[in-house]
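Please look at the structure below and follow the report beside it, one part at a time.

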Amino acid sequence: MYMLKLIFRNAFRHKLRTCLTILGITIAILAFGILRTLVNAWYSGVEASSSARLITRNAISLVFSLPLSYKEKIRGIPGVKNVSYAIWFNGTYISEKNFIPNFAIDPKTFLELYPEYTLPEDQKVAFFRDRMAAVAGRKVAERFSWKIGDTIPLKGTNFPGTWNFILRGIYHGAEKSTDETQLFFHWDYLNESLKKTTPNRADQVGIYIIGITNPNLAPEVSEAVDKTFKNSLAETMTETEKAFQLSFVSMTEAIVTVIQLVSFMVIIIIIAVVANTMVMTARERIGEYAIMKTLGFGGWHLAILIFGESLFITMVGCTLGILLTFPSAKIFGAKIGAYFPVFHVSTNTIFLDIGAAILVSLIAAIFPTWHAVKIRVAEGLRRIG
Amino acid sequence: MKDTKQPIVEIRNLSKSYHRGAEIIPVLENISFDIPEGEFLALMGPSGSGKSTLLNLIAGIDKADSGTIQVSGLDITSLTETDLTRWRAVNVGFIFQFYNLIPVLTAFENVELPLLLTWLSRKERWEHVEAALHMVNLADRMDHYPGQLSGGQQQRVAIARAIVTDPTILVADEPTGDLDRTSAEDILGLMAILNREFGKTIIMVTHDPHAAEKAHIIRRLEKGILNVHA
């Protein structure tokens with residue numbers, strides 16, 4: 001108790017210096033937390049992927065499509081439970097800044113494969129019944145204040161023209177990591193139009209989504225699918241949904257690496273700031289440490305005092321930083337929600353914040369403690385007066 | 001009568017030098033003398049004569065180059081740093097020129113500090129601290145911080161801290177050097193009481209001949225060499 005009291009009082013001996021150090025740690029932990037959340041957001045698609053789903057795409061590139069006729073062949077492969085398909089529509093809502101991920105899908109099979117997109121039964125039925133129907137995620141509906149029954153015009157980029165959809169449902173994510181920013185509509189609606197305007201692009205899909213009976217069969221089923229279409233006009237590449245999502249992340253891996261580096265740089269900078277405070281503190285008190293040694297206190301007592309003070313200051317800053325991370329992440333997430341559909345502070349990030357703060361406090365206290373413990377009593381006493 | 005007392009401190013052939021780069025500066029040269037138990041001894045001499053160094057060696061806060069110091073029969077020059085720290089906590093009370101109190105602790109807490117190294121209960125510690133502060137007439141200021149006390153009062157708190165563990169030896173390095181005449185008289189009077197009534201052996205370094213008059217024995221150091229003036 002006595003040592004805790006001394007640590008607490010020592011910490012606030014120079015109130016301004018301590019407050020500025022705490023402010024620095026708070027900002028650093030806040031920045032670290034936001035950057036870690038950003039990295040997690042980058043990988044949110046990977047996190048949300050299922051091990052029971054495979055993705056089949058054109059072996060040349062995702063840009064090239066696959067024939068619809070593959071569907072039945074894939075369904076016949078052992079280990080395949082159900083098959084769906086989708087195509088990236090890339091439509092723009094009003095202006096380009098209103099980015100919405102939008103896909104043409106086969107509604108029934110798609111929603112069977114993605115039970116995490118939860119729709120009320122009546123909305124689901126309405127979606128299935130109407131070919132012009134679309135469903136949107138909760139976040140995107142809130143963002144544009146869409147209501148059921150609204151007409152949503154999308155300006156096609158990959159498929160020219162203006163496409164009007166009727167909003168028949170708003171889905172919610174079953175998990176925190178579920179993307180609620182997408183818009184889905186009937187592939188049939190798109191295909192019928194293509195048959196009239198550009199028949200050579202009709203009856204094509206972007207990807208097949210394959211539900212498998214057992215996640216352990218993923219390698220065998222993937223191989224079997226690709227083998228089936230070997231030497232065809234559109235050879236396939238099948239991989240787990242996780243690998244498929246990772247391939248997107250790997251395209252921007254350099255950016256993620258830079259963000260991670262910056263987050264660690266923030267910690268290194270704050271180590272220097274706290275170490276500077278602790279070195280100044282210990283230098284000012286070297287006479288007091290000599291007095292304590294004179295009275296019979298050992299090196300361990302001094303180490304407890306210095307490490308304790310460093311830990312106390314750092315943890316106050318860390319706590320404030322963590323508390324500020326939540327509202328900051330909410331504001332940040334709202335601003336960039338279109339690009340990062342899942343932007344929430346994870347428990348893992350909080351543990352990383354605490355771990356980083358403890359590391360900072362320990363590293364910052366090493367040199368001052370070593371100096372205080374090593375200094376000879378007579379030499380320390382000479383510095384007084 | 002004083003000559004018949006057993007020596008509590010026996011110093012033999014003690015030498016100490018400091019190093020400044022390659023240069024060796026001798027501070028104490030082949031010093032030998034005894035301090036009888038219960039005596040009040042003053043160490044005098046000009047600045048740089050080695051008196052504070054000698055005091056530090058006797059108190060076990062510095063190491064000699066050669067020679068021995070026996071305190072109550074124990075050769076403290078042979079102790080390790082850890083053992084010396086433990087020995088100091090039990091046997092020596094320190095009074096410094098600049099009081100050296102911890103500014104963030106109250107008078108009570110400063111006096112309590114050395115007792116944290118003992119097995120005393122909180123209640124026992126409280127009793128010891130109160131008794132020590134009573135002895136220095138500062139019981140009514142126990143909740144004051146050093147910054148709220150005068151120099152003389154701070155030095156009295158330092159004396160209470162020095163005696164609270166009931167050490168056999170009190171070492172004082174210029175205890176009146178930072179005080180006005182009246183406060184200095186108070187402190188010297190208090191030290192005389194501790195010596196006379198509580199039998200404490202006091203070793204005091206001072207420049208001040210008036211302060212030295214309170215001592216029973218005066219030892220004078222000149223350039224590291226000891227002269228004896230009883």
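The buried residues of H4(B), where buried means that 20 or more other C-beta atoms, placed from the backbone, lie within 10 Å of a residue's own, are His128(B), Val129(B), Ala132(B) and Leu133(B). Because they cover an arc of only 130 degrees around the axis, these residues lie on the same side of H4(B), the arc being that of the directions from the helix axis to the C-beta atoms. An α-helix has 3.6 residues a turn, so residues three or four places apart point the same way. On the other side of H4(B), Lys123(B), Glu124(B) and Glu127(B) are exposed, a word used when 12 or fewer such atoms are counted, with partly exposed in between.

This is a predicted model, in which local features need pLDDT of at least 70 and side-chain atom pairs count only at pLDDT 80 or more, while totals for chains, interfaces and linings use all residues. Residues are numbered from 1 along each chain as its sequence is written, and chains are lettered from A and ligands numbered from 1 in the order in which they are written.

The buried residues of H4(B) pack against helix H3 (107–112) and helix H5 (151–163) of chain B; helices (H or I, at least four residues) are DSSP runs numbered from the N terminus, as are strands (E, at least two). Just after H4(B), Asn137(B) takes a positive phi of about 60 degrees.

Turning to how the chains meet, the contact takes 17 residues from chain A and 18 residues from chain B, two residues being in contact if their C-beta atoms, placed from the backbone, lie within 7 Å. On the side of chain A that touches chain B, the largest share, six residues, comes from H12(A). By class, that side of chain A has seven nonpolar, six polar and four charged residues, where Ala, Val, Leu, Ile, Met, Phe, Trp, Tyr, Cys and Pro count as nonpolar, Asp, Glu, Lys and Arg as charged, and the others, Gly among them, as polar.

Within chain A, the domain assignment, which is automatic or from a database, gives domain 1 (2–44 + 253–382) and domain 2 (60–234). The C-alpha centres of domain 1 of chain A and domain 2 of chain A lie 48 Å apart.

The UniProt record (unreviewed entry) places "transmembrane region" at spans of chain A that include 254–279 and 300–324; such annotations may be inferred rather than shown by experiment.

| Span of chain A | Distance between end C-alpha atoms | Helix and strand |
|---|---|---|
| Residues 254–279 | 37 Å | 100% helix, 0% strand |
| Residues 300–324 | 35 Å | 100% helix, 0% strand |
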